[in-house]
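Colleague: Could you walk me through how to read a few features of this model? I'd like the general idea each time, then the case at hand.

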Amino acid sequence: MFQKILIANRGEIALRIIRTCKEMGIKTVAVYSTADRESLHVRFADEAVCIGPPSSAESYLSVPKIMAAVEITNADAIHPGYGFLAENAEFAEICTEYGVKFIGPSADMIRKMGDKITAKDTMIKANVPVVPGSGGLLTNTPDALKQAEEIGYPVILKATAGGGGKGMRIVWDPEKLEGEWEKARAEAKASFTNDGIYMEKFIEEPRHIEFQIVGDQHGNVVHLSERDCSIQRRHQKLVEECPSPFMTPSLRKKMGEAAIAAGKSINYEGVGTVEFLVDKHRNFYFMEMNTRIQVEHPVTEEVIDHDLIKEQIKVAAGEKIDGKNYFPKMHAMECRINAEDPFNDFRPNPGKITSFHSAKGQGVRVDTHVYAGYTVPPYYDSMIAKLICKAQTREECIRKMKRALNEFIVEGIKTTVPFHKQLMEDEDFINGNFNTGFLNDFVLKEESDS
Ligand code: MV4
């Protein structure tokens with residue numbers, strides 16, 4: 001087992017990782033930018049190293065600075081968390097060259113899933129259903145028009161280097177194809193420096209359902225059931241839950257098998273997430289695979305009663321997993337509390353938190369790095385807390401979430417709490433009647449002062 005883990009991240013996830021390390025008897029090293037001096041991850045780690053100014057590029061994304069911190073503290077493993085360097089294949093490679101274990105899959109696995117055309121080809125070979133489409137890169141307009149004709153409109157153009165919605169364009173008729181491809185290419189070039197675009201059938205009103213998987217170094221891959229992440233806005237998830245209200249035992253069996261096949265096809269090591277689009281007929285299609293721990297991992301932890309960070313560290317150290325799939329014993333739901341103004345287009349709203357009272361009580365979990373007096377810096381993402389509730393049924397879980405949201409008090413900055421309160425009262429949400437388009441039509445009511 002590792003002696004000392006350096007956490008190459010900040011915020012709630014850094015704290016989350018430190019907690020598990022302590023329980024496992026592993027020493028921890030925090031790294032921080034000058035904007036994060038007062039952060040709890042810095043206080044709770046055994047050691048902390050300042051790695052630069054607020055800008056991510058010069059701190060949390062700086063490989064030389066992180067490797068220097070490894071050098072001076074003698075850490076034998078690096079946990080990348082999510083975001084920042086978590087899916088950077090070059091970083092994983094450099095860790096290996098340095099003789100420090102990157103807690104996650106190999107550079108090769110990250111690369112295979114990072115390029116979306118390669119990922120799709122890999123899934124086709126593994127018999128995992130993918131969205132109908134040509135698969136290959138678009139090369140010229142006549143050929144693109146021919147492909148679209150074969151697939152049938154509407155089609156969607158996606159960047160092969162993309163993911164998470166960047167560089168996507170929907171095309172409804174042939175006249176628009178050339179222009180939209182042009183725009184997709186420009187967007188992809190600016191975001192990823194790779195302007196490769198591919199085409200697939202546009203699935204209308206899909207649900208986003210993802211499967212948590214774990215693979216060990218001995219070739220075992222299991223799934224830990226699904227999370228429904230359909231409640232999102234501009235590709236930012238706001239609520240995730242397990243079980244999905246749309247799930248059935250037979251669909252879970254089929255999707256779980258597909259997720260395992262996806263993992264096995266690349267000999268996957270670590271925790272990972274296989275994302276699927278699910279249409280109204282319960283056809284499912286591989287969308288992408290995330291080769292990291294995700295923000296919403298607590299939803300799975302609560303329903304299966306296991307620590308996923310601990311599993312991640314154990315498989316990174318070479319331990320075998322037990323080879324069983326896990327199924328939800330409870331219902332769990334997570335609301336992301338962001339420092340954003342939901343009444344003003346979810347504009348980021350950093351600043352000083354003057355008072356903070358977390359929700360508490362049976363079945364309530366809050367993962368957060370903030371406290372009264374903490375200043376949310378403007379440089380990083382705006383999530384300040386994750387409120388996770390669990391109960392025997394979805395109905396009870398929503399009741400508990402409403403109760404917890406009502407006692408969750410954050411003053412000094414605006415947050416997404418009022419949005420979540422209204423969502424929990426929405427009839428379609430309560431009935432599980434939603435897809436990824438749900439928030440496009442969701443109208444927030446102005447708050448009364450009562
Ligand atoms: C799609 C799609 C419909 N059809 N692909 C969005 C993020 C990126 N991972 C892929 N995404 C989508 N791909 C086909 N062929 C609809 C989306 C999509 C979406 C997917 C999951 C969650 C929210 C979404 C919101 C809009 C569009």
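Colleague: Where is T73 found?

Modeller: T73 is in helix α3, residues 63-73. Helices here are DSSP runs of H or I with at least four residues, strands are runs of E with at least two, and both are numbered from the N terminus. This is a predicted model, where local features need pLDDT of at least 70 and side-chain atom pairs count only at pLDDT 80 or more, while totals for chains, interfaces and linings use all residues. Residues are numbered from 1 along each chain as its sequence is written, and side-chain values use heavy atoms, with hydrogens and water left out.

Colleague: Is T73 buried or exposed?

Modeller: Buried means under 20% relative accessible area, exposed over 50%, and partly exposed in between, using a 1.4 Å probe and protein chains only. T73 has a relative accessible area of 4%, so T73 is buried.

Colleague: What does T73 touch?

Modeller: Contact means heavy atoms within 4.5 Å. Not counting residues up to four places away in sequence, T73 touches K4, L6, V29, E47 and V49. There's also a polar pair: a polar atom of the T73 side chain lies 2.6 Å from the backbone oxygen of A69. A polar contact is a pair of N or O atoms within 3.5 Å; within protein, one must be able to donate a hydrogen and the other to accept it, and residues adjacent in sequence count only if both atoms are side-chain atoms.

Colleague: Now the ligand. Which residues come nearest?

Modeller: A residue is near a molecule or strand if one of its heavy atoms lies within 4 Å of it. There are 17 residues around the ligand, and K158, E200, K201, I203 and E288 come nearest. An N or O atom in the K158 side chain is 2.9 Å from a nitrogen atom of the ligand. For K201, a backbone N or O atom lies 2.7 Å from a ligand nitrogen, and for E288 a polar side-chain atom lies 2.9 Å from a ligand nitrogen.

Colleague: How much of the ligand does the protein bury?

Modeller: The ligand taken alone exposes 530 Å², and the protein buries 90% of that. Accessible areas come from the Shrake-Rupley method with a 1.4 Å probe; for residues, only the protein chains shown count as cover.

Colleague: Which elements give two or more residues to the shell?

Modeller: Those are β7 (155-159), β9 (197-201) and β14 (284-290).

Colleague: And why does the ligand lie between two domains?

Modeller: Domain bounds come from an automatic or database domain assignment. For this chain they are domain 1 (4-103), domain 2 (132-201) and domain 3 (207-441). Domain 2 and domain 3 both give residues to the shell, so the ligand lies between them. The C-alpha centres of domain 1 and domain 2 lie 37 Å apart.

Colleague: What should I check in the backbone?

Modeller: Most residues other than glycine have a negative phi, and most peptide bonds are trans. Here the bond from Y153 to P154 is cis, with omega near -5°, and P154 lies in the loop between α7 (141-151) and β7. The bond from C242 to P243 is cis too, with omega near -5°.

Colleague: Which phi value does T193 have?

Modeller: T193 is not a glycine, yet its phi is positive, about 55°. T193 sits in the loop between α8 (174-192) and β9, and counts as exposed at 73% relative accessibility. H235 also has a positive phi, near 65°, and is partly exposed, with a relative accessible area of 46%.
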